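Trainee: I have a model on my screen. Can you show me how to read it, feature by feature?

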Amino acid sequence: PLHFCQNAGSWSSGSWFLLLLIIWSVGAQVCNVEQSGKLHRLVRNTPPAECRPAEDVGVGSYPFERFKTGKNPKIDRIVNATRHAWNGYAQYAWGYDELAPLSKSGVNTFNGIAVTIIDGIDTLYMMGLEDEYNQARDYILHHFFPEEIGLVNVFETTIRILGGLLSIYHLTGDDGFLDVAENVGMRVGVAFNSPSGLPFPQCTLSAPYCTTVALHGFSVVLAEAGTLQLEFRALAYHARAAAVRELGKKAEAAVDVLLRSSSLDSPGLLPSMIDIRTGARAATSKSFGAGADSYYEYIVKMWIQGGKKEDKYKEIFRSWMQDLQSVVKEIDNEMFFVQMLSMDRLTPRMDHYTCFLPGAIYLGVEAAVDEVERHTWQSIAERITRTCMESYRKTRVGLSGMLSPTRRLLSRYHPSSPVNSGRRRQLCGETTEKKDKLQNLG
């Protein structure tokens with residue numbers, strides 16, 4: 001496999017809610033306005049007017065007391081369930097990535113990056129779980145050492161660790177979290193030093209070494225290469241070191257490489273695999289599902305993150321909306337499927353990850369040119385949501401399979417998918433999340 005290594009000594013020290021906080025705080029642009037020779041950042045100081053978001057809530061504008069409840073029984077039940085889950089993890093798997101509940105032991109499914117602690121600390125804060133939050137904070141600031149961690153998945157580390165650190169920094173304004181985020185960002189950011197500028201899928205945090213995945217050869221997955229930008233742009237916005245700020249530009253440049261992989265004039269639906277050496281397409285398959293889904297989600301959120309002033313991302317979103325309409329198919333006035341493309345031929349299969357689409361569409365409805373187009377987009381989002389809900393309702397156990405041939409969903413029940421054979425189902429939240437989002441927007 002292809003790999004990258006640079007000389008040592010180059011390191012600098014230092015969930016939907018995360019994305020919304022980044023969007024609110026970063027605002028109009030990743031600002032690089034120079035005034036008096038200093039780069040202005042939105043940390044504790046007030047940014048210059050030309051950098052200020054339209055709705056600037058500021059870092060640290062969420063005091064802990066704001067989230068304490070006690071008046072809503074439903075919220076209290078959810079908080080108590082979270083406390084129960086956290087206490088089980090803390091007792092049996094502290095410091096590990098995840099708890100294995102049946103064996104009551106810890107497992108490092110992400111190679112030991114304490115993913116439960118760092119990815120969950122913002123939830124603890126928002127739920128008003130003060131003791132649990134302080135427990136997690138102490139671990140992150142005093143017991144989490146990225147320089148001792150080996151090979152990690154760049155995508156997972158970015159969205160869970162870098163994203164988790166930025167999220168809690170936005171909530172609290174605690175510069176200690178930003179210090180750790182800069183440290184992690186620099187170690188993961190060497191991934192962009194590939195021949196094409198696309199990020200390597202794996203990097204070693206303890207040394208500046210990155211590599212491809214043997215299974216994929218020289219190819220990288222669209223979703224992994226295109227789902228780092230929100231975090232690195234936000235990190236660059238707040239970073240104190242010039243080298244860290246540069247990573248935001250590299251993340252944006254990776255999107256440009258991905259767009260060039262399309263064989264069509266439209267930058268909409270892209271190939272699912274891209275050659276990391278050249279940036280050329282490395283697969284004939286295209287879809288909005290697994291291996292591609294979060295790239296399309298990040299495009300619309302980058303437009304929002306930039307205060308809806310970066311027309312580039314708005315137009316990319318509009319392009320993939322146009323391509324989406326060419327692959328959807330309604331069957332018997334009942335089910336509305338987003339089909340896959342293989343060898344430029346439609347395949348009547350839709351995986352569960354595609355159920356993210358309604359939320360992304362609703363986030364981008366302001367990009368519609370008129371009310372007719374807006375209504376069309378909303379209708380697509382609502383019908384996809386209904387179809388995803390039906391994929392649960394039409395099974396014997398009330399759980400959807402991961403990969404659904406379209407005709408099977410029209411029967412009273414459909415069996416387990418090839419991806420999840422027997423009685424196993426992955427717990428995916430796309431459908432429930434989008435159902436609630438559409439109801440709230442309703």
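Mentor: We will go from the whole chain down to single residues and links. Keep in mind that this is a predicted model.

Trainee: How many helices and strands does the protein chain have?

Mentor: Start with such a count. The protein chain here has 14 helices and 16 strands.

Trainee: What share of the 442 residues is buried?

Mentor: A residue is called buried when its relative accessible area is under 20%. In this chain, 53% of the 442 residues are buried. The chain exposes about 19700 Å². Carbon and sulfur atoms supply 50% of that area.

Trainee: Now a single residue. Where is Y139?

Mentor: First find its element. Y139 lies in helix α4, which covers residues 130-142.

Trainee: Why does Y139 count as buried?

Mentor: Compare its value with the cut-off. Buried means under 20%. Y139 counts as buried because its relative accessibility is 13%.

Trainee: Which residues does Y139 touch, beyond those up to four places away in sequence?

Mentor: Leaving those out, Y139 touches W94, G95, A114, I117 and F144. I118 is 21 residues from Y139 along the chain, and their C-alpha atoms are 9.1 Å apart.

Trainee: Let me try D293. Which helix holds D293?

Mentor: D293 is in helix α10, residues 293-305. Use the cut-off again. D293 has 12% relative accessibility, so D293 counts as buried. Setting aside neighbours within four places in sequence, its contacts are A223, F288, Y353 and F356.

Trainee: How many disulfides does a search of the whole structure find?

Mentor: Look for pairs of cysteine sulfur atoms within 2.5 Å. The search finds two disulfides. One joins C203 and C210, with sulfur atoms 1.9 Å apart. Both of these cysteines are buried.

Trainee: Is the disulfide of C203 and C210 right-handed or left-handed?

Mentor: Read the torsion about the S-S bond. For C203 and C210 it is about 100 degrees, so this disulfide is right-handed.

Trainee: And what about C355 and C388?

Mentor: C355 and C388 form a disulfide with sulfur atoms 2.0 Å apart. Their link has -100 degrees about the S-S bond and is left-handed. This pair links distant parts of the chain, 33 residues apart. C355 sits in the loop between β15 (349-351) and α12 (357-363). C388 belongs to helix α13, residues 371-393. Both C355 and C388 are buried.

Technical notes:
Residues numbered from 1 in each chain as written. Predicted model: local features only at pLDDT ≥ 70, side-chain atom pairs only at ≥ 80, totals over all residues. Heavy atoms only, no water. Helix = DSSP H or I, 4+ residues; strand = E, 2+ residues; numbered from the N terminus. Buried < 20%, exposed > 50% of the residue type's maximum accessible area, 1.4 Å probe, protein only. Areas by Shrake-Rupley, 256 points an atom, 1.4 Å probe, with all protein chains shown as cover. Contact = heavy atoms within 4.5 Å.
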